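Reader: I am new to protein structures and would like to learn how to read one, feature by feature. Could you take me through this example?

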Amino acid sequence: MRLAVLGWGNDSRGDDGLGPALLARIAAAGWDDLTVVEDYQLQIEHALDLVGADCALFIDAGKGTPAPFAFARLTPKRDATHSTHALSPEAVLDVFVQVRSEAPPPAFALCVRGESFELGEGLTQAGAERLETAWDFVQTLMAERSVAAWDSLASRSPPLMRV
């Protein structure tokens, strides 16, 4: 399965660095058929990073996310972010539909619970612990790299909340 993994956040803003930290581990792991994309925020151009992928994984930190993380299947959706400089993963999927006139690849979100997002801070202790738990989960995802297996895991995860 060709997998596009998009992670975003700002490691200079406390637990907002959870997405890039997890993405760095994924990039260093050496898994085959992986495209890794890191940015500070999602943009409309990221829809093009999904071209040719069999599946997509979006990784971010969330303040309102259940601890330690939530994992969910995503669908395209035009939301309030479609007219801003920072998009939600669902809006990126919607841009893919608009640009390509076809369905995007199946997509999932892994959102790790963050505690503090203050400028100039590093990861909190809780954030660092959740990073380890999320890393263990990512290894499970990579060992069972199929949409059916990921759907099963998503069905057992708490609801996704990124507030």
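Predicted model: local features only at pLDDT ≥ 70, side-chain atom pairs only at ≥ 80, totals over all residues.

Reader: What does the radius of gyration of the protein chain agree with?

Author: The radius of gyration is taken over C-alpha atoms, and the globule rule is 2.2 Å times the number of residues to the power 0.38. For 163 residues a compact globule would have a value near 15 Å, and the protein chain has 15 Å, which agrees. The C-alpha trace spans about 45 × 35 × 30 Å along its principal axes.

Reader: How should I read contacts along the protein chain?

Author: A contact means heavy atoms within 4.5 Å. Of the contacts in the protein chain with a separation of 6 or more, 79% are between residues 24 or more positions apart.

Reader: Which strands pair with β1, and in what sense, parallel or antiparallel?

Author: Two strands pair if DSSP finds at least two bridges between them. Strand β1 pairs with β2 in the parallel sense over six bridges, and five bridges join β1 to β3, which also run parallel. You can follow this at one residue, G7, which stands opposite E38 in β2 and opposite I59 in β3. From there I59 stands opposite L110 in β5, and β3 and strand β5 (residues 107-113) run parallel, joined by seven bridges.

Reader: Are the residues of β1 and β3 buried or exposed?

Author: Buried means under 20% relative accessible area, exposed means over 50%, and partly exposed lies in between (1.4 Å probe, protein chains only). Of the 163 residues of the protein chain, 47% count as buried. In strand β1 (residues 3-8), six of its six residues are buried, with L3, V5 and G7 on one side and A4, L6 and W8 on the other. Strand β3 is largely enclosed by the rest of the structure, because eight of its eight residues are buried; C55, L57, I59 and A61 lie on one side and A56, F58, D60 and G62 on the other.

Reader: Which residues count as partly exposed or exposed, and where do they lie?

Author: One case is Q41, which counts as partly exposed because its relative accessibility is 30%. Q41 is found in the loop between β2 (34-39) and β3 (55-62), and although Q41 and W8 are 33 residues apart in sequence, their C-alpha atoms are 5.4 Å apart in space. By contrast, A148 is exposed, with a relative accessible area of 58%, and A148 lies in helix α4 (residues 147-155).

Reader: What does S12 touch, and where is S12 found?

Author: S12 is found in the loop between β1 and α1 and, at 37% relative accessibility, counts as partly exposed. Leaving aside residues up to four places away in sequence, S12 touches E118, L119, G120 and E121. The C-alpha atoms of S12 and P104, which are 92 residues apart along the chain, are separated by 32 Å.

Reader: How should I read backbone angles?

Author: Most residues other than glycine have a negative phi, and most peptide bonds are trans. In this model the peptide bond from A67 to P68 is cis, with omega near 0°. D33, in the loop between α1 (18-29) and β2, has a positive phi near 55° and is a residue other than glycine. S101 also has a positive phi, of about 55°, although S101 is not a glycine. S101 is found in the loop between α2 (89-100) and β5, and S101 is exposed, with a relative accessible area of 67%.

Key:
Residues numbered from 1 in each chain as written. Heavy atoms only, no water. Helix = DSSP H or I, 4+ residues; strand = E, 2+ residues; numbered from the N terminus.
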